[in-house]
Amino acid sequence: MKNRTATSRTKVADARRAPQEDARSELVIDFERYVPTVLSSLVAKLRANANAFFPQAYGVSLAEWRVLSFLREHEPASAYDIWTNAQLDKAVVSRETTSLKKKGLIELTPVRGSARNRSEIRLTSQGVALLDRSLDEILRRHSNLTAGLDARTLDTFFRVVDHIEQRIPHMADPSEHAAPAHAPVKRIAKRRSPTGA
């Protein structure tokens with residue numbers, strides 16, 4: 001992906017030109033600056049990296065490690081607690097808890113009198129040991145990922161992420177405002193004539 005900072009001024013200037021200024025060009029979405037695409041691409045790359053790392057280093061998947069980490073802070077917990085509070089899909093939690101139980105990393109204890117056969121999930125001593133072993137390595141990976149960013153920049157990043165998350169429900173809202181200077185558009189040479197021309 002190209003450096004967005006280095007090219008943003010040129011792209012913004014081009015995007016704000018009226019179409020009649022250059023009849024040979026047209027506006028299209030610039031996916032290198034379209035926030036949903038940029039974030040989706042970033043998440044996909046991070047997930048792929050983690051999915052390669054965790055099985056090799058610790059014999060668990062990324063999702064399994066997420067379940068173990070959630071339990072370390074919130075045990076005992078039910079499967080419902082995990083998939084509603086750890087941002088994990090219900091089917092994923094069901095699959096990964098079954099796998100973790102087979103590996104001896106968690107234990108499930110049925111709750112007496114539960115109308116839905118609810119079970120409490122806890123870490124075993126092996127599960128705790130795995131998390132203890134992984135802590136320093138996880139922190140090292142995070143440090144490498146954020147190298148070059150100071151605390152203030154990271155705080156700004158988290159505020160931006162929080163703001164975007166809060167704005168998702170408003171993406172379809174009507175707007176009377178013109179496209180902002182940072183609109184994710186660029187101009188390309190026209191590739192087809194207008195219909196009927």
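In the predicted model, Arg-141 lies over the face of Phe-53, 3.9 Å from the ring centre (a charge sits over a ring if NZ of Lys or CZ of Arg is within 6 Å of the ring centre and within 35 degrees of the ring normal). Local features were required to have pLDDT of at least 70 and side-chain atom pairs pLDDT 80 or more, whereas totals for chains, interfaces and linings use all residues. Residues are numbered from 1 along each chain as its sequence is written, and side-chain values use heavy atoms, without hydrogens and water.

Phe-53 also belongs to an aromatic cluster together with Phe-54, Tyr-58 and Trp-65. Rings of Phe, Tyr and Trp (its six-membered ring) pair if their centres lie within 6.5 Å, with planes under 30 degrees apart counted as stacked, over 60 as edge-to-face and the rest as tilted. Six aromatic pairs were counted by this rule. Phe-53 and Phe-54 are edge-to-face, at 5.0 Å centre to centre and 70° between the planes. The pair of Phe-53 and Tyr-58 is likewise edge-to-face, with values of 5.8 Å and 80°. Phe-53 is buried at a relative accessible area of 12% (buried, under 20%; exposed, over 50%; partly exposed in between; 1.4 Å probe, protein chains only). Phe-54, at 3%, and Tyr-58, at 16%, are buried as well.

Helix α3 (residues 62-74) packs against helix α5 (residues 90-102) at an angle of about 85°, the axes being 9 Å apart. The two helices are therefore roughly perpendicular (65 to 115 degrees; under 35 is roughly parallel, over 145 roughly antiparallel and the rest oblique).

Methods. Axes fitted to C-alpha atoms, helices over the stretch in contact; angles between N-to-C directions. Helix = DSSP H or I, 4+ residues; strand = E, 2+ residues; numbered from the N terminus.
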